[in-house]
Amino acid sequence: IRESSFPNIYLCLEKADSEKQVLEYRQGKEKRMASMVYLVGAGPGDPGLVTVKGLELIKKADCIIYDRLSSPELLGYAGMDCERIYVGKADRHHTLPQEQINELLVEKAKEYHCVVRLKGGDVFVFGRGGEEGLYLREHGISYTVVPGVTSAIAGPAYAGIPVTHRGVATSFRVITGHQKNGEDLSEPDFTTMSDSKETLIFLMGLSRVRQIVDGLMQAGRSRQTPAAVISHATTEAQEICEGTLENLADRVEEAKLTSPALIIVGDVVALRRQLHFFEEKPLWGKHYLVAKIGPKPSRLAAMLRAKGAYTSECMTGEIVGVPAVYTAQELAHVDVLLFTSANGVDYFMKNVFASGLDARALFHTRCAVIGQKTAEKLREYGICADFMPEHSNSTNLAQELKEYLDQEFRGDPFKRAVIWYPTAKNAKDNLVDTLLSFCDCGRLNVYENVPCPMEVPVDKDVYDAIFFTCASSAERMLGSLKPQERETLASVTDIYSIGPKCSAALGELGVSPVIEAAVNTYEGLVDCVLRKE
Ligand code: SAH
């Protein structure tokens with residue numbers, strides 16, 4: 001080979017003994033050359049308000065350093081190996097002092113290629129992004145700013161308040177409600193805020209509402225000027241307290257609003273009565289707990305949030321692959337592959353690729369899939385489903401499959417079809433037994449749903465409903481409760497189940513009543529809850 005005309009191979013052989021050093025050298029060089037800290041605005045709370053660029057960076061980050069104010073759902077998009085560091089900045093309660101955050105940024109930039117510093121709202125609107133940028137520059141580290149949607153504008157917008165409006169407000173000002181000069185707390189200069197056509201937005205001012213409204217009235221703003229405090233703006237926990245400069249402080253005290261919150265003052269606040277939209281959603285005010293498998297944000301929870309509900313997600317397990325090797329010869333004998341889930345498709349194909357094969361090894365095999373999502377997943381691998389049974393329960397599914405096979409193998413009435421059924425190792429179903437009556441069916445365990453420690457307590461006083469999308473979640477989440485506790489829970493909290501298997505598991509735990517989706521999909525569950533509420 002050395003004498004052949006393949007210079008690359010020659011080079012590899014020559015350096016083979018120091019391969020590891022070469023790799024380390026290259027990785028080190030790449031890091032030195034291209035390490036970048038991205039100061040990314042996460043938006044005000046609604047995870048949908050992050051920018052496209054921001055989300056792409058979250059997905060590819062090696063390390064994310066984030067605040068309390070950046071939406072937790074966004075972190076769910078980060079890769080498995082991404083290091084997540086919480087520096088918990090919120091108003092005055094800094095878990096990590098700014099100087100240490102700066103140092104951490106430099107330290108991580110030396111360690112990783114792509115570091116994302118995720119900040120609530122916009123990076124440069126009271127986010128101390130400027131200070132972090134200066135520190136990085138001083139230390140010779142490249143940085144990029146990805147602006148975010150600031151709460152100062154999006155918060156009022158979600159409350160139905162435009163910060164400017166023709167004939168009502170010609171400008172707006174964003175002001176910090178707590179200014180610190182060394183150790184002293186100084187007041188903003190209210191004398192410059194008397195223009196009735198200017199909208200004022202105070203951030204970090206919840207604990208100082210009274211001083212702020214008093215200051216504005218003394219500066220000459222009318223006592224009747226509409227004003228509001230918006231807390232947890234743009235999230236399902238959004239709460240608004242409305243009034244005038246004269247009565248706002250009392251109302252806010254009474255309503256016991258919590259941080260983060262902003263104060264908005266000006267005639268534009270009155271437009272809210274005609275322009276509000278966010279609180280009108282059908283599930284507004286509901287708090288749901290959604291069980292999920294894997295760290296990715298739950299699609300069901302996102303669908304419920306889109307209808308206005310406040311959701312908490314509880315991960316009860318994770319999916320891991322069960323590796324296997326298939327040969328082209330054995331695949332050539334398979335007449336039908338039966339996929340009942342997108343995971344079944346993914347992990348079966350993973351094994352096909354790991355066996356040194358690809359979709360061509362399945363060229364003669366018919367694919368039967370249950371559900372549109374499974375069909376779509378299969379298409380991603382370049383394979384269109386041949387048959388989609390209507391039913392997912394074993395008896396009806398087997399009947400439909402039998403009719404399909406009779407049709408397909410009409411010319412060969414003595415043929416006993418070979419079916420492979422890639423599924424989860426611990427899935428309980430009797431599908432194979434049912435199918436064996438008319439074909440040779442083999443179950444392939446291609447993945448496993450393994451339990452994980454759960455962080456969300458199942459408290460009966462907190463949730464309006466709990467959603468289960470698989471039997472394993474129900475067993476893991478409710479199995480540890482005492483029977484009496486389960487009974488109390490089901491009597492005060494609605495328990496939703498995606499389908500018969502999940503409902504049966506809940507039944508075995510003595511949880512009743514259970515509301516089961518008429519159509520066994522996430523969409524079916526959402527329809528079900530909308531009909532009930
Ligand atoms: N960079 C952020 C502001 C950081 S200062 C931005 O552009 O939004 C922190 C202050 O922002 C909080 O004290 C609060 O006044 C405001 N804030 C942030 N998120 C908020 C939210 N979801 N609802 C109401 N106020 C919010």
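At 19% relative accessibility, K377 counts as buried, where buried means under 20% relative accessible area, exposed means over 50% and partly exposed lies in between, with a 1.4 Å probe and protein chains only. K377 lies in helix α14 (residues 372–380), and K377 touches A342, V345 and D346, leaving aside residues up to four places away in sequence; contact here means heavy atoms within 4.5 Å. Helices (H or I, at least four residues) and strands (E, at least two) are DSSP runs numbered from the N terminus.

This is a predicted model, in which local features need pLDDT of at least 70 and side-chain atom pairs count only at pLDDT 80 or more, while totals for chains, interfaces and linings use all residues. Residues are numbered from 1 along each chain as its sequence is written, and side-chain values use heavy atoms, with hydrogens and water left out.

**The open sheet and its helices**

- An open sheet of mixed pairing is formed by 9 strands in the order β18-β17-β19-β20-β16-β15-β21-β22-β23, two strands being paired if DSSP finds at least two bridges between them.
- Because β18 (366–369) and β23 (515–516) each have a single partner strand, they stand at the edges, and one side of each is left without a neighbour in the sheet.
- Strand β19 (residues 418–424) pairs with β20 in the parallel sense over 7 bridges, and P422 stands opposite L444 in β20.
- Helix α13 (residues 342–354) packs on the sheet, touching β16, β17 (336–339), β19 and β20, and its direction makes about 105° with that of β20; axes are lines fitted to C-alpha atoms, for helices over the stretch in contact, and angles run from 0 to 180 degrees between N-to-C directions.
- Helix α20 (residues 522–532) lies across β15, β21, β22 (494–497) and β23, and runs at about 150° to β22.

**Helices α17 and α19**

- The axes of α17 (residues 471–478) and α19 (residues 500–508) come within 8 Å and cross at roughly 25°.
- The two helices α17 and α19 are therefore roughly parallel to each other, a label given to angles under 35 degrees, with those over 145 counting as roughly antiparallel, 65 to 115 as roughly perpendicular and the rest as oblique.
- A471, A474, E475 and L478 of α17 make the contact with K501, C502, A505 and L506 of α19.
- Of the residues in α17, 6 of 8 are buried, so that the helix is mostly covered, and what covers these buried residues includes β15 (287–293), β16 (310–321), β20 (440–451), β21 (465–468), α18 (483–492) and α19.

- Strand β11 (residues 198–203) is largely enclosed by the rest of the structure, because 6 of its 6 residues are buried.
- Both faces of β11 are covered, with E198, L200 and F202 buried on one side and T199, I201 and L203 buried on the other.
- Strand β8 (residues 171–176) runs parallel to β11 and is joined to it by 6 bridges, with T176 opposite L203.
- Strand β14 (residues 261–265) runs antiparallel to β11 and is joined to it by 3 bridges, V265 being the bridge partner of L200.

**Backbone details**

- Most residues other than glycine have a negative phi, and most peptide bonds are trans.
- A cis peptide bond joins S259 and P260, with omega about 5°, and P260 lies in the loop between α9 (248–255) and β14.
- M204, in the loop between β11 and α8 (209–218), has a positive phi near 55° and is partly exposed, with a relative accessible area of 24%.
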